[in-house]
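Subject: Structure for your review

Dear colleague,

Please find the structure below, handed over for you to look at in your own viewer. My notes on what was found follow after it.

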There are 2 protein chains.
Amino acid sequence: MTDSRWLADLDAALPGGIRTSLSDRDQHGRDPGHPHGQAPDAVAYPTSSAEVARLVRVCHAHRRPVIPYGVGSSLEGHVSAPHGGLCIDLSRMDRIVALSADDMDVRVQAGVTRERLNDELRPLGLFFPIDPGANATLGGMASTRASGTNAVRYGTMRGNVMGLTVVTPQGDLIQTGSRARKSAAGYDLTALYVGSEGTLGVITEVLLRVYPLPQRIAAAVVQFPTLRAAVQSVIDTLAHSVPIARIELLDELQMRAINARSHLGYADLPTLFLEFHGGTASVDEQVATVREVMEGHGGSDFVWADRPEDRSRLWKARHEALWAGKDLRPGSDVLTTDVCVPISRLADCVLDTREDFDRRGLLAPIVGHVGDGNFHSLILFDPNDDREREQAHAAHEALILRALDMGGTCTGEHGIGIGKREFLAREHATGLPGMKAIKLALDPLGIMNPGKLFAD
Amino acid sequence: MTDSRWLADLDAALPGGIRTSLSDRDQHGRDPGHPHGQAPDAVAYPTSSAEVARLVRVCHAHRRPVIPYGVGSSLEGHVSAPHGGLCIDLSRMDRIVALSADDMDVRVQAGVTRERLNDELRPLGLFFPIDPGANATLGGMASTRASGTNAVRYGTMRGNVMGLTVVTPQGDLIQTGSRARKSAAGYDLTALYVGSEGTLGVITEVLLRVYPLPQRIAAAVVQFPTLRAAVQSVIDTLAHSVPIARIELLDELQMRAINARSHLGYADLPTLFLEFHGGTASVDEQVATVREVMEGHGGSDFVWADRPEDRSRLWKARHEALWAGKDLRPGSDVLTTDVCVPISRLADCVLDTREDFDRRGLLAPIVGHVGDGNFHSLILFDPNDDREREQAHAAHEALILRALDMGGTCTGEHGIGIGKREFLAREHATGLPGMKAIKLALDPLGIMNPGKLFAD
């Protein structure tokens, strides 16, 4: 139910920048994981932090929900508007605000995408390594504490966001962090807002750490007789202190899917995609160590992807794992899982999960950011078959309980959104009251992205 | 003013573990930076999280302050008890709770010191790199977001604490984080408690990330004609993507002090102490790159400290910089500064600061974690000379304003405590209301380490 005074005040706050057409609203309530999300009442397209602040002040005065939106590539219903309200689409906030090559930091508006940022950085010999696959916005990646294939070497958004500009639920503009590489000055508000999924304010600018492009990059593929051997070889690699940049696991089924879609021509075996960054001698040394470790676990010869175009093809295939998986069974829906466990438990977790899928008759290829202990299964199910849908959700719940029992987390990188609220409550049973107290203290009216993170 | 019912309840909560003698109380209110701190009313020596929870519940019921205490090596008055209350000395909580070599993580009670932890890790081929110099407790290091000489490579406590056990101000035990290497599950309470200086609860256990001991470690000393040349060579080194493990700057005055104390025999010139970690080929490659960079800035030949005992001697001398500085003028008090700035501004910041000290007639050697842009000046002043004391404090304030103007922070690693409350308010003027709202939400009675971080 819209409210004409609220809409009139929004129009006054951002003349010409408010849309209420059905198509605008519909496309802003959904994400690939929640295709049936609910539409907001209106969508705003601001171009500056000050405009966002004006919009939020209007919503605060009218007690209407505010839902921040980047490109809508999140997976857990983060952009759905179950209570209506204003979607703030940040895509027109796409300016690189300040870039210092000497300091290796960059300040961007929240709507800049990671590919766009890397296009700007490349000529300066720099890059931003966090790569969730999708060409997400940096504001969205900060909001969901994103990571991806490079996290084993470069960490997640948690470690690479140095500061933020945030519009509070009251419509005030605040700055967190600083350009100093480290600080012990007060509560770490930056880390609090990173991963808060829009429930504490709207992130409008992000100050990021960037890195020199590696002198040398080498990528390789190695295949294993068993999944356990592949995972054990990763544990050994990390114990040898190899600063490997990417180490991605794909199970037999996922390899079958990727071979079919991308025509890579590998065997349908448990496989690791590897990437090494460093000086020439350092990369040679890393490769020699890893090759020896992996041979010891029955790994195949390395198949190199050394030319940039071969590397791109390899990682493109990896990033298309979701679509390749769907091709295994056209017309199916996908439930994507995202647990992360201590790496010593990863092989058990993956194998127990595979067994559970088999027992339930579910088709579910598996890919993993295995250096971090994080893996995704893509559970394919017929949307018109209630029993299969129930089995998919039951397998998901069993997987999360398995991961929690092993000391892990229900989400390594996708976040909670609407989809995992009950699992957050289980995982952080003792911490949840503190989280809710913080939410209430900073957003007493509960207007910021309501219905996310917490079930009540 | 003590309260006999409160003390009786404390005794009942921890029979035989409460001390109220003057000597116990006096030694728990002071730190090296605030030697005239105020004593608590009583000191408790618990051995478990459950005992801490019982003690805090008693203080909560009586509305009496709680001040957590490790070894008292903080520098900003963190352990002073301006409103009396109970000091909780965690030194008897010195158990390694769980250690996994495969996962490279360890859970320790808060009173375990970093040297003790490294003694436990070494036989397993592991180490914990964060090294603030003092043999601090890991609970204290987490509370103050400590770092030190290795941070340029391994980060600070911010990035290396994976989870915590905390006793809330209400006396509840909560768990934050998990053993997963990454998680996107809810607000990052771990990062909120790290650096909160005991104002939100008592950290009783710390889950830490540890690292494989480097295959090879090499340390070297290189001297420069000017301080600017030394700093510029560091910027170039970082731009070359060299994963250097330590890169410490000492100015002429600090070198004179260290040479006098530790008989190292170097010239009294701006100097870098370097350490390289990695595989043999990788270290060779790092050294070759850095040597070429530093020669280009007029650096001397490297003087190697390759044997473990030579390295220990070098870093011991570095860690004793404070005492060496004091030897320059026996009987003086020291005001230790801790700003951190973007590295492109570091040379200007240090040189402007040196000029300001000279103009004020202050003797103040400078040491810096230069890879992070963090440096300390040790301002020596006669405690009986009011004018000199005022000049020291005026120079400190000028330095902090200079650092903030450059986009930096008033404290890189020592924290706010009592000493820098007004500077926190300046640095985070827009963020301070949020910090205070969180404090009020989690500790509405204000019993946790009152008088720290915030002036009111």
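E76(B) is buried, with a relative accessible area of 6%, where buried means under 20% relative accessible area, exposed means over 50%, and partly exposed lies in between (1.4 Å probe, protein chains only). This is a predicted model, in which local features need pLDDT of at least 70 and side-chain atom pairs count only at pLDDT 80 or more, while totals for chains, interfaces and linings use all residues. Residues are numbered from 1 along each chain as its sequence is written, chains are lettered from A and ligands numbered from 1 in the order in which they are written, and side-chain values use heavy atoms, with hydrogens and water left out.

The side chain of E76(B) meets that of K420(B) in a salt bridge at 2.9 Å, N to O (a side-chain nitrogen of Lys or Arg within 4 Å of a carboxyl oxygen of Asp or Glu). Because K420(B) lies in the loop between α15 (386-405) and α16 of chain B, and E76(B) in the loop between β3 (66-69) and β4 of that chain, the pair ties together parts that are 344 residues apart in sequence; helices (H or I, at least four residues) and strands (E, at least two) are DSSP runs, numbered from the N terminus. K420(B) is itself buried, with a relative accessible area of 0%. D356(B) and R402(B), both buried, form a further salt bridge, with the closest N and O atoms 3.9 Å apart. In chain A, E320(A) is paired in this way with R261(A) at 3.0 Å; E320(A) counts as buried at 16% relative accessibility, whereas R261(A), at 31%, counts as partly exposed. Over all chains the count comes to 60 salt bridges.

Turning to the interface, 78 residues of chain B are in contact with 78 residues of chain A, contact meaning heavy atoms within 4.5 Å. The two chains bury about 5,900 Å² between them, 57% of it on carbon and sulfur atoms, where buried area is the accessible area (1.4 Å probe) that two parts lose on being put together, summed over both. In chain B, R158(B), K182(B) and Y187(B) lose the most area to chain A, together 17% of what that side buries. There are 6 salt bridges between the chains, and one of them joins K182(A) to D372(B) at 3.5 Å, N to O.

Helix α1 of chain B (residues 4-13) has W6(B), L7(B), L10(B) and A13(B) buried. Seen down the axis of α1(B), these buried residues fall within an arc of 120°, so they line one face of the helix, the arc being that of the directions from the helix axis to the C-beta atoms. On the other side of α1(B), S4(B), R5(B) and A12(B) are exposed.

In α17(B), the buried residues are L432(B), G434(B), M435(B), I438(B), K439(B) and L442(B). Their arc, seen down the axis of α17(B), is within 165°, so they too line one face of the helix, while P433(B) and L440(B) are exposed on the face turned away from the buried side. What covers the buried residues of α17(B) includes α8 (189-193) and α17 (432-442) of chain A, together with α8 and α16 of chain B.

With best regards
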